[in-house]
Amino acid sequence: MIINRDLLEKYAREIEVELDNNAISRFEVYAGELIGTNRKYNLTAITDPDEIVVKHFIDSLIILKYFDLDYKTKIIDIGSGAGFPGIPLLIAKDNQLKVTFLDSVRKKLLFIENALRSTGMEGELLCMRAEDAGKKEEYREKFDVATARAVASMSALCEYCLPFVKLGGYFIALKGSGDELSSAENAIKTLGGEIESNVSYKLPNGDSRTMVIIKKISQTPTEYPRKAKKITTKPL
């Protein structure tokens, strides 16, 4: 047993997410893939099984408490890394979401590909930088939801992510406990977004987190996203 199945089920229920035995088994396989692959190359600093449950799985599934993801929702998970939050959301929704995993590091996408295969899940893999993919017609404003779980500033995240979201769609950012919205208000408005909610919560271990949900109310101007250096050095 890689993870504590009872603990995962308990914590999921506390955030109003019901996981059946099949889902929990998939999470166990996923955790095994994560720990095994992490021995070969670094995917995550979190390798303790209980911490994986809390800091990766529950921290991804928390989206479902505050946002209703309908089956067949088209999602792009930007800067997927080891597959968070995309794979946990797929597992919880029994593979009924349409998830595109975007990352610029090929070995991370290879891990996601193996994890999807091992858990019997499906998803699209896209090896590109977000600022490049966001300019392409086949991806620009084509998704119901964009997600990101990242350490970049909120202003930068909006510029990377909002170009992918269709009108009426949403960008969901999973952040730490800091309040960055005041410095990102201009970026959100400029890029066509509007803050719908800003939720603060705690993980089962007491860590503070923030989820920002932004609705796309107008098209993103064609000049965005800019190149990464400008996004970083000259935030909107």
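This is a predicted model: local features need pLDDT of at least 70, side-chain atom pairs count only at pLDDT 80 or more; totals for chains, interfaces and linings use all residues.
Reader: How are two packed helices described?

Author: By the angle between their axes and the distance between the axes. Take helix α1, residues 5-14, and helix α3, residues 49-61. They pack at an angle of about 30 degrees. Their axes lie 10 Å apart.

Reader: Are α1 and α3 roughly parallel or roughly antiparallel to each other?

Author: Angles under 35 degrees count as roughly parallel. α1 and α3 are therefore roughly parallel to each other. Their crossing is right-handed.

Reader: Which residues make the contact?

Author: From α1 come L7, L8, Y11 and A12. From α3 come D50, V53, V54, F57 and I58. By class, this contact has 8 nonpolar residues, 1 charged residue and no polar ones.

Reader: Why might residues three or four places apart point the same way?

Author: An α-helix has 3.6 residues a turn, so residues at that spacing point the same way.

Reader: Which residues touch the most other members of the largest nonpolar core?

Author: L8, L19, F57 and L69 do, in a core of 54 residues. Helix α2, residues 21-38, gives the most to this core, with 7 residues.

Reader: What is F57 in contact with?

Author: Leave aside its neighbours within four places in sequence. F57 then contacts I3, L8, F27, Y30, A31, I52, F84 and P88. There is also a second, separate core of 33 residues. Among them are I78, M128, F171 and V212.

How values were computed
Residues are numbered from 1 along each chain as its sequence is written. Side-chain values use heavy atoms; hydrogens and water are left out. Axes are lines fitted to C-alpha atoms, for helices over the stretch in contact, and angles run from 0 to 180 degrees between N-to-C directions. Helices (H or I, at least four residues) and strands (E, at least two) are DSSP runs, numbered from the N terminus. Angles under 35 degrees count as roughly parallel, over 145 as roughly antiparallel, 65 to 115 as roughly perpendicular and the rest as oblique. A crossing is left-handed if the near helix is turned anticlockwise from the far one by less than a right angle, and right-handed if clockwise. Contact means heavy atoms within 4.5 Å. Ala, Val, Leu, Ile, Met, Phe, Trp, Tyr, Cys and Pro count as nonpolar, Asp, Glu, Lys and Arg as charged, and the others, Gly among them, as polar. A nonpolar core is a set of buried Ala, Val, Leu, Ile, Met, Phe, Trp, Tyr and Cys residues joined through side-chain atoms within 4.5 Å. Buried means under 20% relative accessible area, exposed over 50%, partly exposed in between (1.4 Å probe, protein chains only).
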